[in-house]
Each structure stands twice: as C-alpha cells, then as structure tokens.
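Please read them with the structure open.

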Amino acid sequence: MQIFKEFRTLAFLITAFCSVATISPVTAQAQELPLVVTTTLKQAKIPVKNVGVFVQEVDAARPMLSFNAAAPFNPASVMKLITTDAALELLGPTFNWKTQAYVEGALSGGVLTGDLAIKGSGDPKLVMENFWMFLRQIRAKGVRDIRGNVVLDRSAFEENVYDPAQFDGDPQKPYNVGPDALLLNYKTIALRFIPDEATGQISVTMEPPLVGYNLVAPRLSKEAVCGDWQSKLQADVGVSTAAFNGSYPAACGEKVWYIHPYRMNSTQYFGGVLRQMWSDLGGTISGKVVPGNVASSASVFAEWQSPAVPEVIRDINKYSNNVMARQVLLTIGAQMSQAPGSTQRGASAIRNWLSGKGIGADELVIENGAGLSRNERVAPNTLGQVLVAAFHSPVMPEYIASMPLVGYDGTMRKRLRSESVAGQAHIKTGSLNDVRSVAGFVQASSGKMYVVVCLINHPNAPFGQAAQDALLQWVFDKG
C-alpha cells in the first residue's frame with residue numbers, strides 16, 4: 001500500500017512538472033517584444049521605451065504580451081475606441097438623436113405668423129440629405145412662408161468658447177471643427193474647381209450652397225505639374241465670400257477641397273444653408289436666423305431622428321471622424337447627468353463606467369474623446385482591458401464591426417493587403433505628429449481572438465507603422 005501511495009505521489013509530481021514545463025506562450029506573459037517588432041523599431045530609430053504593447057486572448061486570465069503596458073501614452077485617435085464603446089453601453093444600441101422643429105404663432109394657408117424654432121440634441125450625422133428631409137417634412141406639413149424668425153436652440157450642450165486653431169494653428173482643416181448641439185454637415189464646405197483650358201477659365205462651385213455667398217475664381221495657369229495646388233490658390237474664405245487670389249494649374253484637372261469656414265459662426269453657417277434650402281423648397285423666411293431657446297409656449301411641429309448609435313460609431317471608427325466623436329462624448333455627458341452636455345460631464349460618466357467594470361484607469365486623461373489632443377493619455381493595459389470587456393459585452397458585434405477591417409476598408413484599407421492577417425483583424429488607427437497607434441481585435445490563424453494595443457510616442461513615430469503591422473501579423477501567426 002505504501003509503495004502504491006509513493007508511486008501515485010511521484011506520478012502527480014511528474015504530471016505537475018510537465019504541465020508547468022509545457023505552458024503555451026498564449027498563457028505565459030512575455031515581457032519582451034517579438035524580434036520582428038524590435039527589428040523594425042530599430043530600423044525606424046524608435047527606442048523600445050517609447051512603445052507600449054498589450055496583447056491578450058479574449059478568454060485568457062492575463063496578457064500574452066505586456067510591454068510598457070502600464071505607462072501612460074498619448075493614444076491619438078484610438079481614444080475613440082473608449083468613447084464609442086461607452087456610447088454603445090451607456091446610451092444603448094438603439095439610441096438616436098432628435099432634431100425638433102417648434103412653431104410659435106398661427107399657421108394659416110401656408111403662412112406662419114410667428115417664429116419657427118429648431119432644437120438640436122447633438123446629432124453627429126445631420127448631413128445635407130438628412131437636413132433636406134427634415135425641412136421637406138416641415139414643408140409638407142403646411143409651412144411655406146415664415147413671417148418671423150428662425151430660432152436655433154443649442155441648449156442641449158453647454159455653451160463654451162471653442163478655438164479651432166488651438167490644436168495645430170490650422171483652423172481651416174475640417175478635423176478642427178468643434179462640437180455643436182445643432183451641428184450641420186460637420187460645418188464644412190466642399191469647393192470644386194473645374195478648369196476649362198478652351199476658355200482659360202476656372203469654374204468654382206460650393207456644396208452646400210449658402211444663400212448670398214460669393215465665390216471669386218482663381219486664374220488658370222498652364223503649369224505642367226499640379227503640386228501643392230491648395231497653397232497656390234491663396235484662398236481667403238470669409239463670412240460672405242471665398243476669394244482665390246492665386247492660380248490653379250490646368251494640370252490638376254478637377255479637384256475638390258474640403259474646408260472648415262471657421263470665420264463663420266455656427267449660426268451664420270446654419271442660417272446660410274437653411275435659407276438656401278428653404279428657398280429651393282419654395283418657401284420664404286422674412287425674419288432673421290438667430291440663436292436662442294424654444295419658447296415655453298411653442299409646440300413640437302416636426303422631428304428628425306438620426307441613425308442609431310451603431311451606425312454613428314461606424315463612421316467615427318472606420319473614418320476617424322473627430323467632430324462626431326466629440327458630439328458623442330458630450331451626448332454621454334448630457335444623458336448621464338441630465339444636464340447640458342460638456343466634456344467634463346462626459347469624461348466623468350466614462351470614468352464611472354470604467355470603474356463599474358473594475359478598470360481603474362487612474363492615468364486616463366480625456367480632453368475631447370476624439371484623440372485630437374496633445375494632452376489625452378491612456379495606458380495600453382487600460383485600453384486592452386476595455387477591449388477585452390467589450391468582447392464579452394452584448395453589443396460586441398456592433399462594436400467590432402465599427403472598426404476598419406485590415407486590408408479592406410476605413411483607415412486600414414491600404415495596409416497589410418498582401419499579408420495573411422488581411423481580413424482577419426478589425427483595427428482602429430491613430431496618428432499625430434509624434435504618435436502612431438493601433439488597437440483592436442485579431443483573429444489568429446488558430447481561430448482564437450486576441451486584443452492588440454500598440455502605442456508609439458516618439459518624434460519618429462510616423463516610421464513606426466511597419467513595426468505595428470509586424471505585430472499584427474505576429475499575433476495572427478503565433479496566437
């Protein structure tokens with residue numbers, strides 16, 4: 001009997017030893033980056049201390065790879081992954097934004113003797129076709145001539161002074177548009193330049209058209225090279241006129257330039273578009289377009305509902321839309337606090353949400369929720385934990401589908417197209433001058449799903465894309 005007990009004990013010890021000795025790399029935590037990643041980082045002259053990596057199989061208890069993962073990094077646009085995940089869970093997958101029209105006064109024979117008020121709730125996707133449908137609804141319900149003012153109610157968001165030049169000194173860039181409870185068409189204009197060499201003239205058109213807005217065309221030059229055609233235009237985009245005092249090379253052919261007309265305030269932009277579209281619908285506005293609040297005596301007349309959250313976050317993550325992400329953060333703040341939306345309220349709601357998941361995130365800094373910031377910070381392991389938790393959320397399919405599919409669409413459409421990881425990963429990208437980041441999900445060749453986060457903060461970060469692509473392929477191959 002004693003011999004049997006000793007044999008059984010020996011067998012147990014041998015089995016235990018073998019189990020420890022054969023732990024797979026998936027369950028063992030690696031503290032060093034894969035050679036293929038360090039090699040490409042070295043070629044890019046990026047020190048490994050400036051790189052943070054987190055890789056974990058979604059059902060594992062701990063990371064497969066954790067390198068500088070507790071250090072705070074500027075995440076650039078992968079910050080949107082936190083904002084959009086919070087939106088799906090806190091607002092819910094069926095939540096949508098409502099833009100409402102109110103009438104105050106008498107409506108008779110198509111004439112509104114009084115004011116029309118339009119109240120926004122922060123719709124991130126009130127684009128031209130949606131706005132046209134909204135106005136068409138008002139028109140179809142009997143309003144033709146508005147004999148009073150049009151009042152624009154933006155009270156859903158806290159009033160705040162926004163400087164579009166603060167980030168990089170280039171306020172004309174569309175990515176520098178600020179949040180607005182009545183954001184219309186991302187407050188951008190598309191200028192189309194069509195050269196006609198036969199007449200030696202340039203035709204310039206603008207979308208959306210703004211009533212009374214003037215366009216002064218540039219000269220047509222016969223330069224053989226297009227080059228930096230935007231600088232050559234010497235554009236002066238003002239409140240009522242866009243003048244192009246330079247030239248446009250004929251070699252450019254037809255081009256479109258998207259601009260944020262920052263010298264116009266939101267009311268001027270909205271009013272210009274509204275008056276033009278209302279006129280196109282056969283209506284008139286006798287009064288002014290002014291900011292204000294809906295009168296207590298006014299009644300709801302029409303309502304436009306935006307697409308639901310899943311469609312909105314798809315645009316945000318696949319195409320890295322900054323102002324839409326800002327809108328979402330402020331909406332989270334408004335909905336969770338039952339007060340006007342603000343960055344502070346949105347950030348507080350997200351912190352509370354993370355805390356409820358057991359994610360401390362003490363290093364997390366949220367300035368706008370979009371990542372277009374020098375100040376936002378997150379650690380790779382915090383973002384990694386968010387992604388692991390998101391995989392086990394009921395809204396996981398909507399969340400993952402919002403991210404670019406590697407090699408196919410969004411900001412990843414041109415990357416890793418000829419590699420085996422193409423089509424097997426949903427990855428959000430981020431970039432600033434000194435930042436390159438990727439984060440998302442990789443389905444490895446084994447069939448297992450992995451969370452991957454790689455953040456690089458260094459002046460040579462733009463050359464770090466090869467290292468990040470190598471990491472994604474490594475996870476696909478080794479996971």
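1. The largest cavity is lined by Arg154, Asp180, Leu182, Leu183, Leu184, Lys187, Ser266, Tyr269 and Phe270. Keep in mind that this is a predicted model.

2. What is the volume of the largest cavity? It is about 30 Å³. The count of cavities of 30 Å³ or more comes to one.

3. Next, a helix pair. Helix H8 spans residues 322-337 and helix H9 spans residues 343-356. Their axes come within 7 Å and cross at roughly 75°. Angles of 65 to 115 degrees count as roughly perpendicular, so H8 and H9 are roughly perpendicular to each other.

4. Which residues of H8 and H9 meet? H8 brings Leu329, Leu330, Ile332, Gly333, Met336 and Ser337. H9 answers with Thr343, Arg345, Gly346, Ala347, Ala349 and Ile350. By class, this contact of H8 with H9 has seven nonpolar, four polar and one charged residues.

5. On charge pairs, the count comes to eleven salt bridges. One of them joins Glu311 and Lys125, with the closest N and O atoms 3.0 Å apart.

6. Where do the partners of that pair sit? Glu311 is in helix H7, residues 309-319. Lys125 is in the loop between strand E4 (111-119) and helix H4 (128-140). The two residues are 186 residues apart, and the pair links distant parts of the chain.

Terms used:
Residues numbered from 1 in each chain as written. Predicted model: local features only at pLDDT ≥ 70, side-chain atom pairs only at ≥ 80, totals over all residues. Heavy atoms only, no water. 1 Å grid on protein atoms, 1.4 Å probe; cavity = no way out; pocket = protein on both sides within 12 Å on 5 of 7 lines; lining within 4 Å. Points joined across faces, edges and corners; volume = space filled by probe spheres on them. Axes fitted to C-alpha atoms, helices over the stretch in contact; angles between N-to-C directions. Helix = DSSP H or I, 4+ residues; strand = E, 2+ residues; numbered from the N terminus. Parallel < 35°, antiparallel > 145°, perpendicular 65-115°, else oblique. Contact = heavy atoms within 4.5 Å. Nonpolar A, V, L, I, M, F, W, Y, C, P; charged D, E, K, R; others polar. Salt bridge = Lys/Arg side-chain N within 4 Å of Asp/Glu carboxyl O.
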